[in-house]
Amino acid sequence: MPLLVFSLMLVVFGLTTGEFVIAGILPDVARDLSVSIPEAGLLVTAYAIGMIAGGPVITTLTARLPRRPLVIGLITTSIAGNAASAVAPSYPVLLAGRFIAGLVVATFFAVAIATAVSAAAEGKQASTVARLTLGMNLGMIAGTPLGTFVGQHFGWRATFAAIAVFTVVALTLVLRSFPAAPAPVVGSLLGELRVFASRDVVLAIALTAAGNLGVVTVFSFLAPLATDVSGFSGAALPMLLLVYGAGAVIGNFLGGRLADRALMPSLAGLLAVLAGVLAAGWVISTHPVPAVVLWFALGVLAFAIIPGMQTRVVTTAQAAPTLAVAVNASGFQLAAAFAGWLGGRLIDGPGPRSIYLAAAALTVAGLLIALYSLRRDRRTAATPASQPAASH
């Protein structure tokens with residue numbers, strides 16, 4: 001079992017690096033392919049659209065497949081997408097490569113997270129998710145800065161090639177450790193889809209999308225924010241990504257512990273603090289030293305909300321947790337897709353510094369959803385057992 005968890009964590013590391021490293025090499029890609037920064041930002045959107053489309057569709061179509069061949073197929077497709085990105089001769093081909101790489105990620109995360117939560121001890125679901133997503137944190141703290149360093153010194157194509165090779169290594173460990181098991185028993189497609197008739201499930205997915213939108217927009221445009229607003233050189237980007245990633249590791253475990261103690265109250269509190277920090281970014285990001293502190297705080301808060309959000313989806317969608325988690329991942333990527341578009345418009349309009357204020361306002365929308373969900377939970381808890389509250 002430890003080898004299995006380790007191998008899946010390595011895959012998560014590769015997937016996370018492949019998703020987020022574009023933030024550090026965006027100017028290099030734009031310059032090499034002769035496109036603008038806003039156009040290059042659509043590479044974030046292409047990856048996100050792949051996850052949005054692939055999450056519910058692939059998860060539904062593969063629901064009856066044995067988990068071992070399914071996981072192997074998902075990882076292999078991701079490798080192919082990153083390899084295609086490395087050799088892409090033009091911007092449209094690179095867009096296609098990013099789409100393919102993102103197509104299978106939501107289903108992979110869904111299978112991994114739903115399996116981990118189902119095996120977790122009662123009251124430890126969120127911290128179990130945090131342990132599983134350590135690979136995501138490591139992708140931020142090590143993979144993304146390293147990928148940015150490789151891209152700046154050997155070309156952005158070398159970054160995607162390295163990600164593909166690393167994921168191949170992780171796949172060999174998965175082949176050794178992933179057990180052969182019969183296909184899971186699932187209900188009819190209509191029965192699986194009925195889980196989305198629950199208002200609590202819909203609210204949980206909406207919380208993921210809205211709660212992450214602001215900070216994802218900021219992170220997607222880290223390079224222009226760091227260089228054009230904070231005055232850093234391009235060579236400082238790996239350092240900033242390392243700072244953000246260090247905060248992410250702390251935030252991941254902090255968020256898991258807080259969510260285990262008080263799921264929705266902790267999420268609401270974290271979102272409120274995140275909105276405040278993003279708003280403060282508009283003021284302090286013009287000075288390099290405060291900007292470093294800002295990026296560390298954003299790393300902590302951005303990842304502190306993830307374990308609780310994932311756990312909220314699983315616990316409200318017990319009838320079809322894998323499908324719900326996949327759709328939730330698609331919800332996150334809806335935020336990322338919109339972030340790529342929104343950030344480009346803000347840079348072309350009021351300028352990159354305005355991204356901080358827009359991100360703060362968007363995070364408030366997620367906070368309102370969290371507060372409404374918390375109110376529903378308390379109302380349900382206060383309702384006598386003989387008069388259960390309606391769930392939808």
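**Entry 1: arginine 312**

I started with arginine 312, which counts as buried because its relative accessibility is 7% (buried means under 20% relative accessible area, exposed over 50%, partly exposed in between, with a 1.4 Å probe and protein chains only). The model is predicted, so local features need pLDDT of at least 70 and side-chain atom pairs count only at pLDDT 80 or more, while totals for chains, interfaces and linings use all residues. Residues are numbered from 1 along each chain as its sequence is written, and side-chain values use heavy atoms, with hydrogens and water left out.

Which residue meets the side chain of arginine 312 in a salt bridge? I found aspartate 377, at 2.8 Å from N to O (a salt bridge is a side-chain nitrogen of Lys or Arg within 4 Å of a carboxyl oxygen of Asp or Glu). Arginine 312 belongs to helix α15 (residues 288-316) and aspartate 377 to helix α17 (residues 354-382), so the pair ties together parts 65 residues apart in sequence. Helices here are DSSP runs (H or I, at least four residues), numbered from the N terminus. Aspartate 377 has a relative accessibility of 25%, so I noted it as partly exposed.

**Entry 2: the other salt bridges I looked up**

I counted four salt bridges in the structure. One of them joins the side chains of aspartate 28 and arginine 31, with 2.7 Å from N to O. Both residues sit in helix α2 (residues 22-32), and because they are three residues apart, about one helical turn separates them. Is aspartate 28 buried or exposed? Aspartate 28 is buried, at a relative accessible area of 17%. Arginine 31, at 58%, is exposed.

I also looked up arginine 345, which forms a salt bridge with aspartate 348; their closest N and O atoms are 3.7 Å apart. Helix α16 (residues 321-348) holds both, three residues apart, about one turn of the helix. Arginine 345 counts as partly exposed at 36% relative accessibility, and aspartate 348 as exposed at 52%.

**Entry 3: nonpolar cores**

Next I looked inside. The largest nonpolar core has 109 residues (a core is a set of buried Ala, Val, Leu, Ile, Met, Phe, Trp, Tyr and Cys residues joined through side-chain atoms within 4.5 Å). Which of them touch the most other members? My list reads Phe108, Val218, Phe219, Tyr244, Trp295 and Leu298. I then followed leucine 298: leaving aside residues up to four places away in sequence, it touches Val215, Val218, Tyr244, Leu274, Val277 and Leu278 (contact means heavy atoms within 4.5 Å). There is also a second, separate core of 18 residues, which includes Leu26, Leu33, Ala86 and Ile163.

**Entry 4: aromatic rings**

My search of the whole structure gave eight aromatic pairs (rings of Phe, Tyr and Trp, the last by its six-membered ring, pair if their centres lie within 6.5 Å; planes under 30 degrees apart are stacked, over 60 edge-to-face, the rest tilted). Phenylalanine 219 and tyrosine 244 make a tilted pair, with 4.9 Å between centres and 35 degrees between planes. This pair links distant parts of the chain, 25 residues apart: phenylalanine 219 is in helix α11 (residues 199-220) and tyrosine 244 in helix α13 (residues 237-261). Both phenylalanine 219 and tyrosine 244 are buried. I noted too that Phe20, Phe219, Tyr244, Trp295 and Phe303 form one aromatic cluster.

Serine 198 is in the loop between α10 (189-193) and α11. I recorded serine 198 as buried, because its relative accessibility is 13%.

Helix α12 (residues 222-229) has six of its eight residues buried, so the rest of the structure largely encloses it. I listed the buried ones as Leu222, Ala223, Pro224, Leu225, Ala226 and Val229.

**Entry 5: serine 34**

I found a positive phi of about 55 degrees at serine 34, although this residue is not a glycine. Serine 34 is placed in the loop between α2 and α3 (37-61). Why does serine 34 count as exposed? Its relative accessibility is 67%, so it counts as exposed.

**Entry 6: phenylalanine 99**

Last, I looked up phenylalanine 99, in helix α5 (residues 91-103). With 30% relative accessibility, phenylalanine 99 counts as partly exposed.

Technical notes: Helix = DSSP H or I, 4+ residues; strand = E, 2+ residues; numbered from the N terminus.
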